[in-house]
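This report describes a structure for a reader who is new to the subject. Please look through the sequence and the model first, and then follow the text below.

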Amino acid sequence: MTEGMDRRRFLKVLGVAGAGAATLSACGIGPEPTEKLIPYLIQPEDQIPGTATYYASTCRECAAGCGIHVRVREGRAVKIEGNPESPINRGRLCARGQAALQGLYNPDRVTGPKVRNAAGGYDPIAWDDAITRLQAKVTAAQGHGIVFLTGADSSAFGDLVDEWMHRVGGRRLSYEPFGFEALRAGNRLAFGTAAVPAYDFANAKYVLSFGADFLDTWLSPVTFQNGFARAHGFDGGREASMAKFVFVGPRMSLTGMNADEWVAALPGTEGTLALALAQVIVSRRLAPLPADVGRLAALLGRHTPAAIAAAVGVEQEVIVRLAIEFANAKGGLAVAGGMAAQYPNGAAIVAAVNILNYVVGAVGKLVKFGPDLAVGDAATFGDVAALTTDMAAGKVALLFVHGTNPAHSLPGAFTQALGKVGYTVSFASQLDETAAAADMILPDLHPLEQWNDSRPRAGVFALQQPAMQPVFPETRHTGEVLLRVLGRTGTFQDHLQTRWRELHRRFGAGQSFEQFWMDAVQHGGLYGDAPARSVRLADSAARIFPAAAALEGSGDQTIVVFPHPVLHDGRGANKPWLQELPDPVSKIAWHGWVEVHPDTAGRWGVATGDFLLLKSAFGAVSAPVWITASVRPDVLAVPTGQGHAAYGRYAKNRSFNAFELLGAQANGYGGRTFAVRATATKTGEHRNIVTTEGSPRERGVGSVEVLSLARAKALIPGGPPFHPTGPSSVPPSEETPEYAKKAVEWWEERQFEQAELGDYQGEQPRWGLAVDLSKCTGCSACVTACYAENNLATVGEELMQRGREMAWLRLERYWLTDEHGRPQGAVSSPMMCQQCGNAPCEPVCPVYAAYHTPDGLNGQVYNRCVGTRYCSNNCPYKVRYFNWYNYAEPGGAWEAWPEPLPMLLNPDVTVREKGVMEKCTFCVQRIRGAQNQARLEDRTVRDGEIVPACAQSCPSEAIVFGDLHDRASQVSKLAGDPRGYHVLAGLNTKPAVTYLARVVSDG
Amino acid sequence: MTKTPVVWLCLALSAAALSAQSTGRYQAPVVSDTGGLQGPRQPIFFRHDIHSGQDQIPCMYCHYSAAVSSEPGIPALQTCIGCHQLIGGSTPSHQAEIKKVRDAWRERKPPEWTRVHALPGFVRFPHQRHIKALGAQSCTKCHGEVQRMPQVYQVSTLRMGWCVRCHVANKPNKVSRDCTVCHY
């Protein structure tokens, strides 16, 4: 560059001359308008102003029961993190768990008790009146049918409901829309027990999933994902380098897209396929067979690959190959669930997969009965269907609903039957469809505000404690309401403690109860193991008949309805974080869709976004098409989650309710069938569905590298890195070619010259991140964690359509295809600011808002930023996000945090204004926090002490943060891994983020 | 925290205050015209010059979290009442102000102080690191001679130039001047 006036100096002069008068008033620099400081009356002992307090509790967003730490600042919960002590989730937490905060501070919460008036609206009522009225209703209804409907709730509260119902002659039903009836029935068929066992993915050498979405919604996703990443991730130098994962199912779910191979068997034939695999293993004696396997001879004899290949839609050779691989792995684990357990023959499919596990000896080793999962206690769909019939017949005089929303998941039948119930009381904290039809609403506290416990699996007693005072003082713990009507004194906490005295007797030897209790509260519960129980083949196992059963309805299409990975059965739909989180597979946000294979779409002449009217025997919905090869050509797939008629501003009247397509009668094993025959017709409507798939931010350049297992095995730990083949990729050794070296050296020198401005010369860390793509599943927990930690605004459907989402960390999903172009799986790559050493964003900023920090970050100074967006233009990774509107403006058109949502804002992070650029900071607030603490203790920051929100939440432990200058740090070691590469390294940006190539098992 | 030690400490402190006259320590002035004082008028005429100057109560007795956290905290009313349960004031004007504290405690209505020192929302100021580096007596460096102020007012501008001047002057001690030390 020439001497004299450079561009920056020019702008500086211009600024002084042209806008001098405006500098004082501009940018809002200076103290904020006069504020009031209101002190505590009594300082809470466990709170220090400006410092976070953590409370151990239990997540209640699904039945898995993960342990959590709630971060509380100045008396309000601001972040939820996994509890490292919990054996369920080992300190990790999924997107749904993170988003519990938006349930707590939801702007549509019911703020106090209400009763329906003559005009059909609601009048507020005092709690005492409400409880008196409740008691009168119970007295009147006794003998005429009293039912209490809850969600899956194996807890002190659930037991209290049971006790009350027993007292008044009623009954309790626990209802989960995606139940596990087939799993229980299948286990009974195969082993004579209806328990739901624990699955040990971590020690599996080969994983074969028949429909089970164990990474998204099935049973205990965080546990399973953590274990799965240990087994399926690639560790250099390990003997058995990785467990192969094969997914069997008609569509690829989040779980399915992590497979090394996708076997798209015909829907409903998964069990037949499993038996064929078992047949090959038994007939060829590929594994040491159990003694009683002879009893299966006749059954297996009917399931030779040759006999069933056509019915299953999988080639004979593939079946034989899979069987050989599965047996030879010596540690194969097969799981059945999800879609495979939701056909009319679901129970037989589960039993068949059990048999496959049994013949290879996985039962007792990887499938452990004994530490059974709590979902095994839930009622069956059959019970709920019977209740609906009873209600319609006027046999239910009084209905209580808590923690479940059947009017949404059973839209026709249940809603109609609800009209015939004498009186309905809802304990919902939000006005969902069921609550909206209730006669009285007694809003419960949010789980983060209340005491309770739960038993996620045998041996684990998880405690739930209030992390803060109730947000709305007029809401009340339903447990306490029940204690009142039962005529008991004391709080629910007292009740809970009384129950825990029993546990103290069993486990608290040598401890006073107070000690035992405090210990349990502090650690989030009592973590023990349940003794394993051995199971044997039941007689019924030999008589199963897993062949595909006909589906109800008459259309020419098979439609499968699957749970949305983040909205699940719809309970997440009123949380903007979850609405704005793109579905990990389709990348669609804020809307539902129907998955259509390209061949089918071509035949029908529909494009992505065109509406199809799907009509089953039970109902019809209109859904926009998403064309994808990740679904069988003869199958259409639709997610649940959307289509709420009530529930709140983010959920109401959005998209369609897929439950409309399903029947309300239970199938043979007492479960619900989630597949129907239907017709599909074009409606002519079109909608631009919001998707980040192939977003312009990806710039049409794949950022992922994939290695075959053989290639990965050939890499020597500590040896030279592999040669990336992706666009703009070069091995790190060649990142700066000879001809560019001079320019780079000049630039580096310039940076050190500028060190006079700061302290670049001292010994400074270089913060870096390593992302193992072999472990990353794309589950998106990191994305929501980032939203929560960094006060990211949700912008809504319209702005997201215009590409204005604020996700500092996005997950780019790239399909892995076979030689025919058919997807076999996908690689997800978390893309955040790469904190380049030679950052393109920095030199183009006219106001030094984007600059290089001494510790190697690309700093972004919000109060300096004037919004030229040059930095974003020049960023090759497109990870900078601009505030087009003032999302924090109360009552504004694009308000992201309507009251009381602002209470979840992290006080350690600035809320950005309109006109400001922002991006991933490596959670600089956590870096500075750790540095402050280390300075107080006169030490340096330890490796692993700083954990950014993304790395902290990651269920598969794929993200590692640390100091790259510290050769002993974990991140340094990973950055030197021969699988490591930098995205777009050819641009010479010198990123601080090292990706470790995904390894795909080739058999 | 139990109440007893607080009370004993306060008794000791007030005893020290009584003996102050004889030892020639700082004696807070009698303020007859509050209208002439600098700084915003507060709901209770809390005299830092009496508490901190005359009675020599260390700053961090009340603002206890300044040395361990980023925020110094505003003392809870309980802290006031710990002493003022017993100390009723020696002059009618003091008694009137102390009565306000006692009334507030009885009515469980904490006073609404007017904020004197405030930073914009995009600035992080870790108090603990400054106390660690400059010592427990260093509050006056930014807040001025609060122990001589009948009513607290802002002495320093708290603008960035003022911050940076100190950070520059301390360059030999490797005080960071990086933007993201305060702005994030």
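## A cysteine in chain B

B:Cys59 is found in helix H3 (residues 59-62) of chain B; helices (H or I, at least four residues) and strands (E, at least two) are DSSP runs, numbered from the N terminus. The model is a predicted one, in which local features need pLDDT of at least 70 and side-chain atom pairs count only at pLDDT 80 or more, while totals for chains, interfaces and linings use all residues. Residues are numbered from 1 along each chain as its sequence is written, and chains are lettered from A and ligands numbered from 1 in the order in which they are written.

Is B:Cys59 buried or exposed? A residue is buried if 20 or more other C-beta atoms lie within 10 Å of its own, exposed if 12 or fewer, and partly exposed in between, with C-beta atoms placed from the backbone. B:Cys59 has 22 other C-beta atoms within 10 Å and is therefore buried. Two residues are in contact if their C-beta atoms, placed from the backbone, lie within 7 Å. Apart from neighbours within four places in sequence, B:Cys59 is in contact with B:Ser52 and B:Cys139.

## Where the chains meet

The contact between the chains takes 37 residues from chain B and 41 residues from chain A. On the side of chain B that touches chain A, helix H4 (77-84), strand E1 (113-114) and helix H6 (127-134) of chain B each supply at least two residues. The largest share, three residues, comes from H6(B). By class, this side of chain B has 17 nonpolar, 11 polar and nine charged residues. Here Ala, Val, Leu, Ile, Met, Phe, Trp, Tyr, Cys and Pro count as nonpolar, Asp, Glu, Lys and Arg as charged, and the others, Gly among them, as polar.

Strands also pair across the two chains; two strands pair if DSSP finds at least two bridges between them. The table lists this pair with two pairs from chain A.

| Strands | Sense | Bridges | Residues opposite each other |
|---|---|---|---|
| E1(A) and E1(B) | antiparallel | two | A:Lys36 and B:Thr114 |
| E19(A) and E20(A) | antiparallel | three | A:Val460 and A:Tyr527 |

## Chain A as a whole

The secondary structure of chain A comes to 29 helices and 38 strands. Along its principal axes, the C-alpha trace of chain A spans about 90 × 70 × 70 Å. A compact globule of 1003 residues would have a radius of gyration near 30 Å, and the 29 Å of chain A agrees with this. That radius is taken over C-alpha atoms, and the globule rule is 2.2 Å times the number of residues to the power 0.38. Of the 1003 residues in chain A, 57% are buried.

One open sheet in chain A has four strands in the order E12-E11-E10-E13, with parallel pairing. Strand E12 (261-263) and strand E13 (332-336) stand at the edges with a single partner strand each, so one side of each is left without a neighbour in the sheet. Neighbouring strands of this sheet are turned by 15° against each other on average, direction ignored.

Helix H11 (residues 316-328) of chain A lies across E10, E11, E12 and E13 of chain A, running at about 135° to E10(A). Helix H12 (residues 346-359) of chain A packs on the sheet as well, touching E10 and E13 of chain A, and its direction makes about 175° with that of E13(A). For such angles, axes are lines fitted to C-alpha atoms, for helices over the stretch in contact, and angles run from 0 to 180 degrees between N-to-C directions.

Another open sheet of chain A has three strands in the order E18-E19-E20, with antiparallel pairing. Its edge strands are strand E18 (452-454) and strand E20 (525-527), each of which pairs on one side only.

## An enclosed helix

Of the 12 residues of H7(A), 11 are buried, so this helix is largely enclosed by the rest of the structure. What covers the buried residues of H7(A) includes strand E9 (198-199), strand E10 (206-210) and strand E11 (244-248) of chain A.
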